[in-house]
Amino acid sequence: MKLFTKALFNAEQGAMLQTKTSFKSLCKFLYIPVFASLVSGSLAAQEADDKTKEKDADVERIIVTVERRTQDLQDLAGTAFAFSGEDLKSQGIQDITDISESIPGLEIGNNQGNVEVWIRGIGSSNNTELGDPAAATHLDGVYIPRPSGIGSAFFDISRVEVNVGPQGTLRGRNATAGSVNIIPWRPAIGQWNGSAEIEFGNYNQRAITGALNIPATDKLAFRIAGTKIDHDSYYNDVGPLDLELAEAADNLGLRFQALYEPTNDLSIYLSYDFAREQGTGYTGTNYALPLGLGIDPDDIEDPRDVVGRGFTPVQDTIHDGFKIEVTWDLGDALLEYNGSYRDLIYDYQAATPLSPDFPGVFEALDPLEQALDDFSRFQFLTDSESIIHELRLLSDDDASRLTYTAGVFLFDERQQTFLASAGDRGGFFQGAEFNQPNTDTDSFSVYADATYEFSADTRFTIGLRYTEDTKTRQGVNARYAFALGGFDVNTGNPFGCCMGARVGTEGFAFAGFGRSIYDPDQDGDGSVSDDEFLSFYFDGIAQFGERDTLDDIFANGITPGGADVRPACSDSDVTDNLICNQDGTHSFAVPISPNNSITVQDGRIDNSFVDWRLRLEHDLNNDQLVYGLIATGHKSGGFNDTFSDPTTGLTLAPTYQEESVTLFEFGSKNEFDWGDVPTTFNFSAFYNDYRDQVFTNLLSVEQALEFNSGAPVDPLDATPGALVVSFSFNAADSAIYGMQFDGKFELPYDINLSWTALWLEAEIEDSQDIQDSRFQADVAPDEAVFQSIDGNRLPRTPRYQLNASLSQIFDISSGTIDYVISAGWRDEQFLTIFNSIDYQNPDNPRRRLDDSVDAYWTVDAGLGYTHGDGALRFEAFANNLFDEVRTAATIITQFDNTRFFTRPRTFGVRMRYTY
């Protein structure tokens, strides 16, 4: 197989429109690909003299399993992409998040360690235990419900396949956008071979990778592979602490596989993979300070030059799993069992940087010493265990006109999730905790998919899948706020409020899953007293920090105003105009709203849905295929945080229903000789009917009750310190449509030129008003109101997208040299559903609301030399050659404008020995 073969298949671009276009306009452009198909057919006919001929052996074949059967990519009546592992490595692609620059319509970002996959504008940013992805990620065919840490499994890879569009029939739940399958090499019986590779790159990157295939007998083989990769932080601390900040890596990946074929009819495949990602994780960069000073983010030279504070972030992610695959040849059919167990443990603690670097940043952070010594922190802790059982029956009779697949699928996930924060030095707010020890998901589905050949040239496919889902959760949510009294220097009031305290300093540790109290109402009287609130809070702290003061302040319980014995005071914030009283004490120390700040969680949803697909395909000749298909997919529904209705005393956990996508697609695939040049040209036109899209608001309990009852939501019903709940609901219907073209020219001298182009429209057509979550109701009640988003563009949907790749391999006296240059262009796009709109100042929008990403180019390149018989190889690579760093995800709230970025330019060299 030639190097750098990139199967850019049926991608989604073309039809260069400059304005928003209705779906009717799409039909007007269909004549372009239809005409092109006819022209290519004419050329093929001239070459073949109207005779049926075999496909040109010079055209390189790409074999994929996107429909869970082995087939030629050009024979697939649908849209998919496939990349070999060597192609990806040659361009310096290190993990799954880098692939998005190579596939139009695909966006993969890392949001605080959570891998988010979006395909043609369909995806999900709900990374909580209640959320589910909209694109199904698979490793070696196994569904990965939480893809964190999957990047370190990106070694010894045969290929990566991306199937575009809803895959509800074959892949099941949570594949409304499509699916991504990372496929490693498997053991080969009867072959001794292996490889060893070392790599060095910028950011002090050091990597070693190896694989060994062991033929134990003529019926049994093993494969062992592993990788170790380290690099320094992509961030640079320009402050005096000189901390190592986010995006440093210390990763390990291992894989053990066995293939046993005791007879010609029986195959047993076993696999275990282990990935551990340590380092400093992903904090992003908070632009709130420069935006507040009127500084244009575009004027900030490097978004990863920041002022660090507190401590170095710490990440520890372990993701491992077992798989067994048993295939029994029954003669005319194959019976296949797939079983798997996976476990993800994600633990991340960090203090976000203070600000990106800009002229005057240290003056703006005055008092600098206090800002640098702010240990406000957060911790994510997740443990997800999933078990899958699947039994499939596949036809295996080449002589039959009927090809079918039928099966039963069982999925079971058990989660523990913990998210907490501690607010060092700040008044009022001292932290939050979301602790869910039991979140369980059970899913059952049964499916069948069949293709019937009406003739040698015409085939019809019909598929059906029925799914039942159940999700439950028990836990607790809490927001901690304390009122600490001091002397107000402006008014002379000794009962000024509210001072801060120290919490989260060196040695601090949350209890996490070690908490013993999950119901703060210990006496069962239906309310939470001050003492019960304190007991609950202290139970959530495993150890206070060396310089913490909050534990000492409440060591003897609460201190009401006027108490004779008052706790010692230390002034943690010199900017709040509050100081300790003359006797060195707090005038009072009490929790704020103890009865309304902690809510026991108990939610459940049961839902069921049916997915189906219909497809008609016809071969015009051996080299031309036309097809039309309709396919559906569903993303599971869920429930919201539990909250109490004070008027009835009842607790509620309102549910939302599943999202659905129906795809209509028409396309053609063509291979022909353009002169003496073997040529591939494919196109597709598509329309996605996206229904019941879920959006999430952050509401106070009072507002959530109003919304759930259908009453108008009053932004004034949000008081400082009150518990805020995440409220999701089915809010919108959207239309996603466009056209995709791709092609390949196999030019003389072993030069290959591949390209893909996409035109994509993605618009919200019918939506309820949603709360402008960029504002906080208790701070900006006039702006944290419900607004219309009708007509807005879906996030992560550049209108025009283009990718092209040029590669060549040629002989020299001592071996071969090859190279690849890959370029991608993306039109401007938005990262949130609000599209940078400032509803209060539409003519002069505030920059802090800007979620747009300008159009950009990216270029990757690789150069290789293979010596002699191919055992020894040297490579040089550069990923993101021109250092085009863009925002990949953004979080905009009242006080934050945090942005996460694509990988900076990385380059390096590697040497590999194959034996």
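Which residue in strand 12 does Gly201 stand opposite? Gly201 stands opposite Gln205. The model is predicted: local features need pLDDT of at least 70, side-chain atom pairs count only at pLDDT 80 or more, and totals for chains, interfaces and linings use all residues. Residues are numbered from 1 along each chain as its sequence is written, and side-chain values use heavy atoms, without hydrogens and water.

**View 1. Strand 11 and its partners.** Strands are DSSP runs of E with at least two residues, numbered from the N terminus, and two strands pair if DSSP finds at least two bridges between them. Strand 11 (residues 193-201) runs antiparallel to strand 12 (residues 205-215), joined by 9 bridges. These two strands form a hairpin with 3 residues between them, and Tyr203 in the turn has a positive phi of about 55°. Strand 11 also pairs with strand 51 (residues 906-914) in the antiparallel sense over 7 bridges; here Gly201 stands opposite Gly908.

View 2. The order is 14-18-21, with mixed pairing. Strand 14 (236-237) and strand 21 (355-356) are the edge strands, each pairing on one side only. Strand 18 (residues 305-307) runs antiparallel to strand 21, with 2 bridges, and Val306 stands opposite Pro356.

**View 3. Phe444 in strand 24.** Phe444 is found in strand 24. Because its relative accessibility is 33%, Phe444 counts as partly exposed (between buried, under 20% relative accessible area, and exposed, over 50%, with a 1.4 Å probe and protein chains only).

Key:
Helices (H or I, at least four residues) and strands (E, at least two) are DSSP runs, numbered from the N terminus.
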